[in-house]
Amino acid sequence: MPTFPINWTRSRRILLWSTVLLPFASLFLVHWSDKPGYEAGDYTQYLAHATAIAEGRPYTDIGFIYTQHRAQLAVEAEPPALPFLLAPVIAFLDSNMMLVKLFFFGAALAFLLLAGSYFAAHDDRWLGLGVALLSGLSLQFLYAATQISADLPFAALVWTVIALMDAPGKARPGRIAAIASAGALAILFRTAGVALVPAALLYAAFRPRERAARALIPAAVWTAVFFAMSSAIPVTGAVMSEMARPFAGVIDDMATNVRAYRFATMEALLYPFPWNTANDVYHLLAVAAMGLGLALWIRTGWARFLSAFTIAYVGMLLSLPTMGGRFLRPLFPLFIFGLLNGLRAVIRRLRPRLSATTAGRVALWTGATLGAFSVGWELTEPRPQDILDHPDVVGVYAALERFRTDAPMRVELLKPRIFTLHTRIPAMGLFEAEPTEVVTELCAKRITHVVAGDLGIEPKENAALSAAVDEYPALFLPVYENRSFAVYRFVPTTIEHGSGAGPGPVCTSAPAAPG
């Protein structure tokens with residue numbers, strides 16, 4: 001009987017990686033039907049761009065009305081990679097979401113494998129397995145894997161660049177081309193990929209003789225791709241406007257971002273307990289272990305591309321008013337590695353006779369136990385809901401559809417991109433400003449109806465609109481109301497300040513410019 005040689009080493013390696021990825025794959029199936037949640041909005045803009053492509057309309061013809069008063073709500077246009085991937089599904093496959101979800105599942109697996117393999121190759125096999133296991137267990141990661149989002153494809157491409165940059169050996173033309181291509185695609189998925197450019201320059205500066213070609217050629221390609229995309233599509237308007245802020249505003253945003261990203265870091269480190277106090281104590285210890293692990297790693301890993309990218313990317317996130325924990329997801333594996341590396345150091349300190357490999361295996365099992373606890377109670381958490389299922393939202397959408405006439409309708413309301421995707425009525429988001437500025441902006445954007453109400457999601461922005469309604473009641477004619485929202489028809493006309501500040505035109509019957 002013929003025999004077939006089996007590479008047991010390779011088979012064992014495949015079994016180990018499959019085992020650590022199995023929990024994520026299982027949880028992905030559990031969360032397959034999760035709704036996007038009340039806070040979501042970006043997914044509708046990707047779908048709107050994809051629909052425009054599928055229908056042969058201009059890429060930016062999506063109905064979203066951009067305002068500088070709230071530039072951080074959304075960019076005028078999202079980067080094109082994800083919409084161009086979605087467009088054929090919408091055009092030819094009747095918006096088959098199963099294929100879309102499988103794509104994001106593949107992107108998530110690639111991200112976990114790339115990050116885990118990186119640490120397995122450069123540091124410790126057991127810690128690399130732990131990174132792949134634990135990085136896929138946070139609720140934020142699972143949410144990104146089951147929703148339409150550029151987060152995980154972007155992260156997978158970034159880790160492709162990191163792995164290729166830090167791989168041993170000479171940078172041959174094929175490898176440089178792969179690095180340049182992966183980075184360019186990352187930028188086309190998310191403009192935050194432009195952080196790869198300063199990261200490459202910093203990486204080259206660490207050891208210029210060895211790394212000039214490997215870093216500078218891709219950096220030139222990425223810069224060209226970024227500027228080409230920016231010139232063709234208004235993807236950077238919000239960023240550029242924020243970069244022109246006074247320095248004091250940048251400092252304020254940094255403080256706000258630190259608070260926002262603190263919670264994202266806690267999410268990466270998981271919530272193993274159902275009690276807040278227990279999780280607070282755990283997070284204090286976990287952050288200390290992560291800090292220790294990263295400090296030990298940086299002693300030998302300071303010159304790697306991962307270090308350069310982390311510095312450039314974190315610096316960018318802190319200086320811009322992003323305040324979204326999801327932007328930190330590409331660095332979740334680094335945080336998990338820091339935690340496991342810190343645990344390994346503590347274990348070896350307590351048991352000096354243990355080898356580094358054995359201590360790494362113990363750290364992996366400790367992390368797996370924390371992950372199991374975290375998953376166990378997270379499965380009992382309520383699932384995200386879709387704002388479109390809220391009865392008061394349904395009522396508002398139906399009312400605005402009834403008010404639609406032959407004259408163009410343009411609406412200001414909560415979650416404008418969701419509204420315009422489902423109704424094809426142009427919409428602008430709520431924004432925070434003085435009553436006079438609110439009215440002036442409504443006029444400039446040719447708004448015809450406003451909807452006061454925010455379901456507790458945007459209280460400051462909703463309060464600004466309510467203050468404008470109170471200040472200038474003659475401009476806002478009530479036409480519909482339910483428990484959560486009030487709809488007004490906006491009637492621009494020359495008025496005087498209602499606050500007694502003296503006369504002065506706020507808005508005329510001839511609005512200024514299209515939005």
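**Reading a pair of packed helices**

Mentor: Let us start with two helices: H13 (residues 276-301) and H15 (residues 332-350) pack at an angle of about 90°, and their axes are 6 Å apart. Helices (H or I, at least four residues) and strands (E, at least two) are DSSP runs, numbered from the N terminus. This is a predicted model, where local features need pLDDT of at least 70 and side-chain atom pairs count only at pLDDT 80 or more, while totals for chains, interfaces and linings use all residues. Residues are numbered from 1 along each chain as its sequence is written, and side-chain values use heavy atoms, with hydrogens and water left out.

Trainee: How are H13 and H15 oriented to each other?

Mentor: Two packed helices are described by the angle between their axes and the distance between the axes. Axes are lines fitted to C-alpha atoms, for helices over the stretch in contact, and angles run from 0 to 180 degrees between N-to-C directions. Angles under 35 degrees count as roughly parallel, over 145 as roughly antiparallel, 65 to 115 as roughly perpendicular and the rest as oblique. H13 and H15 are therefore roughly perpendicular to each other.

Trainee: Which residues of H13 and H15 make the contact?

Mentor: Contact means heavy atoms within 4.5 Å. H13 contributes residues including Tyr282, Met290, Gly293 and Trp297, and among those from H15 are Phe335, Gly338, Asn341, Gly342 and Val346. The residues of this contact divide into 14 nonpolar, 4 polar and no charged. In that count, Ala, Val, Leu, Ile, Met, Phe, Trp, Tyr, Cys and Pro are nonpolar, Asp, Glu, Lys and Arg are charged, and the others, Gly among them, are polar.

Trainee: Is glycine 293 buried or exposed?

Mentor: Buried means under 20% relative accessible area, exposed over 50%, and partly exposed in between (1.4 Å probe, protein chains only). Glycine 293, which is found in helix H13, has 0% relative accessibility and so counts as buried. Leaving aside neighbours within four places in sequence, glycine 293 is in contact with Gly338, Asn341 and Gly342. Glycine 293 and valine 346 are 53 residues apart in sequence, and their C-alpha atoms are 9.4 Å apart in space.

Trainee: What does phenylalanine 24 touch, apart from its neighbours within four places in sequence?

Mentor: Phenylalanine 24 is placed in helix H1 (residues 8-30) and is buried, at a relative accessible area of 0%. Its contacts beyond those neighbours include Phe105, Leu112, Leu137, Phe141 and Ala145. Phe105 lies 81 residues away along the chain, with 9.7 Å between the two C-alpha atoms.

Trainee: Where is lysine 415 placed, and what is its phi?

Mentor: Lysine 415 is in the loop between strand S2 (411-412) and helix H18 (416-423). Its phi is near 55°, a positive value in a residue other than glycine, and lysine 415 is buried, with a relative accessible area of 12%. Leucine 455 also has phi near 55°, in the loop between strand S4 (449-452) and helix H20 (459-471). Leucine 455 is partly exposed, with a relative accessible area of 26%.

Trainee: How many helices and strands does the protein chain have?

Mentor: There are 20 helices and 6 strands. Buried residues make up 51% of the 515 residues in the protein chain. Along its principal axes, the C-alpha trace spans about 85 × 55 × 50 Å.
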